[in-house]
Amino acid sequence: MRSTLIIIAVASGCLSLSDAKSLWSSSPAGYGPDDSDNYLLKTGYPIGNGKLGIISFGAPSSEKLSLNVDSLWSGGPFENTTYSGGNPGDPKYPALPEIRANIFQNGTGDLAPLLGSGNNYGSNRVLGNVTISIPGLETYSDYKRSLDLKTGVHTTQFTSGEANFTTSLFCSYPDQVCVYHIESTRDLPTVTVGFENILTTEDLVTTTCNESSVRMTGYTQAGPPQGMKYSAIARTLGDSTITGCSNSGRLAIQSAQAQKTQTIIIAAGTDYDQKKGNKQANYSFRGQDPDSIISAIASKALSKTYTTLLAGHITDYRALEGAFHLELPDPSNSSELETAVVFSNYNWTGPGDPFLESLLFDYSRHLLISSSRDNSLPANLQGRWTERLDSAWGADYHANINLQMNYWGAEQTGLGATEEALWNYMQDTWVPRGTETAKLLYGAEGWVVHNEMNIFGHTAMKESAQWADYPAAAAWMMQHVWDRFDYAQDVTWLQEQGYPLLKGIAQFWVSQLQDDKFFDDGTLVVNPCNSPETGPTTFGCAHYQQLIHQVFDNVLSSASLVGEKDAKFFDSVTSSLARLDSGIHFTTWGGIKEWKLPDSYGYDVESTHRHLSHLVGWYPGYSISSYAGGYTNASIQAAVKQTLISRGLGNGEDANAGWEKVWRAACWARLNDTDMAYEELRYAIDVNFANNGLSMYTALSQPFQIDANFGLTGAMLSMLVVDLPLPHGVTKARTVVLGPAIPAAWGNGSVAGLRIRGGVSVDFEWDANGIVTKASTTSSMKGKGRVVFVNARGDTLAKI
């Protein structure tokens, strides 16, 4: 028998032990209460292929696979055929002049006439469990389960009786299936496979079985209207088995004599179609019946051998995972310890653990590869893994930090391909309804969305201004659009998809900016605005002003590349940018102001609020750090520092979330403050990351929220590099700082494959003190610009 582990090693290029990072445990993942340490999302190791997500849990004799499909949601037109994405039946923008006048007169105001409803919004939900029962394995020893971050394969090994068993589990993007494979050193016992969902009512789910497969079919509601249909199938690979169906609708697989391996193919889908989220399709979002589609997918996979399926998966996965490599030391030999032990040993007040920090970096990239591919929806608040019918915050797309943070590490680490899901999602589900929202709520051109989005084009406001009044969401997302081009230099993509998105947002904001009638200073400001989840409804929120600055500058930089012929539009962006308030003002106590209002109004006080919205132009943006010259401006640096000191470690009364901590770490790193950046990173890991490496929202208490996993990558990248774009029209050489905040604990480490703006890639290494000493570059720039690479001391390392 050829061991699966040997096959994996061969397919992944015989990785050395130091490279083969993995999470592992000596006990099965559990499905305990949410508030226990045995909670599934604190113990299980997630895998996926973008559309499908799986977490294995349970003992060898009764293993279960929690199965998710990206598009399985309640709500929307599948729940109510009149669903409008929150848009009102009649225009609301006639209320805007009075709202704006009151705000300019009083400094603050009320936009209640613009608010809407979240009715029929829905939630991402679990499909159910694949159940795998193997009698006779109730007693076992030498148990080990692991997730190999170099291959994306989940492996379990154990001994039962006189046989050694290995199970392998992976979700293949090339074949669009998940594959479960078991092998034994002795003849395999009978394996029984089924589906279950004990959370939904029995009349909504049907399980059927035939001699080679088992299928679950269900609906999110009985109707009318008929809910979203979902379907999943499990089939045996090969014909060397005798199968039968039990009365409970489960497939019993009796192995042939002397058979020592068995493979099960799992496919699943829904009748959701994001291409049907437009006026032409009556915003139905309803596509083809999933039964025939997943049957065809499974049949195609069954035409291949297990070895072929595994090799195809690893080749695809490695093409993404292998694009970047971070090497940090392992001074505590943590790589030899069980992952839960490494986490329990970690203390933020101590020296840190570079092995665990690099493990979480690699884990973050695994999670993105597994939850966001070009044929899937983007990674949501829980990536691709929920165990509930009603997930926390719907496991939706919050776009006032969370969705953005999910993709902080994509471009710089060679995972730009994972963002295809993001562009398609915005194009298909935001723009159509968002164009209507712009007209109905604002009387505006272009398109707009607000803070919370589902998969059914919910683009209007919900019920409360403090968190629902957030038309800047898409403006922030346009930073990701521009970054996609700036790193990849794909002009065709910019012309066909990126620029149309960017232009629509610029059109919206050109039409909405108002002369500042409070200060009468000749600037253009947003009115009304709410800084995300804090403070009053007012005008000139710093967050908005900084993001709009970036949008306008990115449009001007794009125009010549895409051949923009609309001179009126180009001139309007140019003139608006010239008068735009920068969103950079200073408080009496030395920080960056969050609101343009005078401090005497009592809002810009020192605060530990979770959001750093008024620093968006510092990090992850660049309107402060680059366009305003903040990275080299001592006054701005001092104000940013004072703001971060005020905000604290990210454990204020309003929240104790991981995402707020890693955002702080990234901001400190952009200040070149190694000590504070590393302290904040350690604090996030210690306080918010469970023993399986997933981040929890309130310290170590559920719900699981994946943004901190992804944001950790952004924070560590911020410690490794400062790579800022130049404003439109500036042609001087650009300086990239390598190692602005590398701690000595990471001494003698290295990076390979870091992407730099302009189509550049750089490898570099640093000494025991974290000072970069050597760098080598490759470039596809073809004379488009000049880059000088320096280290934290200002020493020149390379030039292009």
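Mentor: Start with helix 9, residues 420-442. This helix bends by about 45 degrees at Trp-430, and a proline, Pro-432, follows within four residues. The bend at a residue is the angle between axes fitted to the seven residues ending there and the seven starting there. Helices (H or I, at least four residues) and strands (E, at least two) are DSSP runs, numbered from the N terminus. Helix 9 is mostly covered, with 17 of its 23 residues buried. Buried means under 20% relative accessible area, exposed over 50%, and partly exposed in between (1.4 Å probe, protein chains only). After helix 9 comes Gly-443, whose phi is positive, near 60 degrees.

A word on the model. It is predicted: local features need pLDDT of at least 70, side-chain atom pairs count only at pLDDT 80 or more, and totals for chains, interfaces and linings use all residues. Residues are numbered from 1 along each chain as its sequence is written, and side-chain values use heavy atoms, with hydrogens and water left out. The pLDDT is the predictor's confidence in each residue, from 0 to 100. The protein chain averages 95, and 97% of the residues score at least 70. Over residues 10-19 the pLDDT is below 50. Beyond near neighbours in sequence, that stretch has 12 contacts in the model (heavy atoms within 4.5 Å). Where pLDDT is low, the predicted coordinates should not be read in detail.

Now the disulfides. The whole structure has 3 of them (a disulfide is a pair of cysteine sulfur atoms within 2.5 Å). One joins Cys-171 to Cys-178, S to S 2.1 Å. Its S-S torsion is about 95 degrees, so this disulfide is right-handed. Both Cys-171 and Cys-178 are buried.

Another is formed by Cys-209 and Cys-245, with sulfur atoms 2.1 Å apart. Here the torsion is about -85 degrees, so the disulfide is left-handed. The pair links distant parts of the chain: Cys-209 is in strand 11 and Cys-245 in strand 14, 36 residues apart. Cys-209 is partly exposed, at 25% relative accessible area. Cys-245 is partly exposed too, at 39%.

Then come Cys-529 and Cys-541, whose sulfur atoms are 2.2 Å apart. Their torsion is about 95 degrees, so this disulfide is right-handed. Cys-529 sits in strand 22, and Cys-541 in the loop between strand 23 and helix 13. Both Cys-529 and Cys-541 are buried. In sequence order, the bonded cysteines pair 1-2, 3-4, 5-6. Cys-667 is in no disulfide. Its nearest cysteine sulfur, that of Cys-541, is 18 Å away. Cys-667 is buried, at 0% relative accessible area.

Last, the rings. Rings of Phe, Tyr and Trp (its six-membered ring) pair if their centres lie within 6.5 Å; planes under 30 degrees apart count as stacked, over 60 as edge-to-face and the rest as tilted. By this rule there are 35 aromatic pairs. Phe-158 and Phe-165 have centres 5.2 Å apart and planes at 10 degrees, so they are stacked. Both of these Phe residues are buried. Trp-393 and Tyr-697 have centres 4.9 Å apart and planes at 55 degrees, so they are tilted. Trp-393 lies in a loop and Tyr-697 in strand 24, so the pair ties together parts 304 residues apart in sequence.
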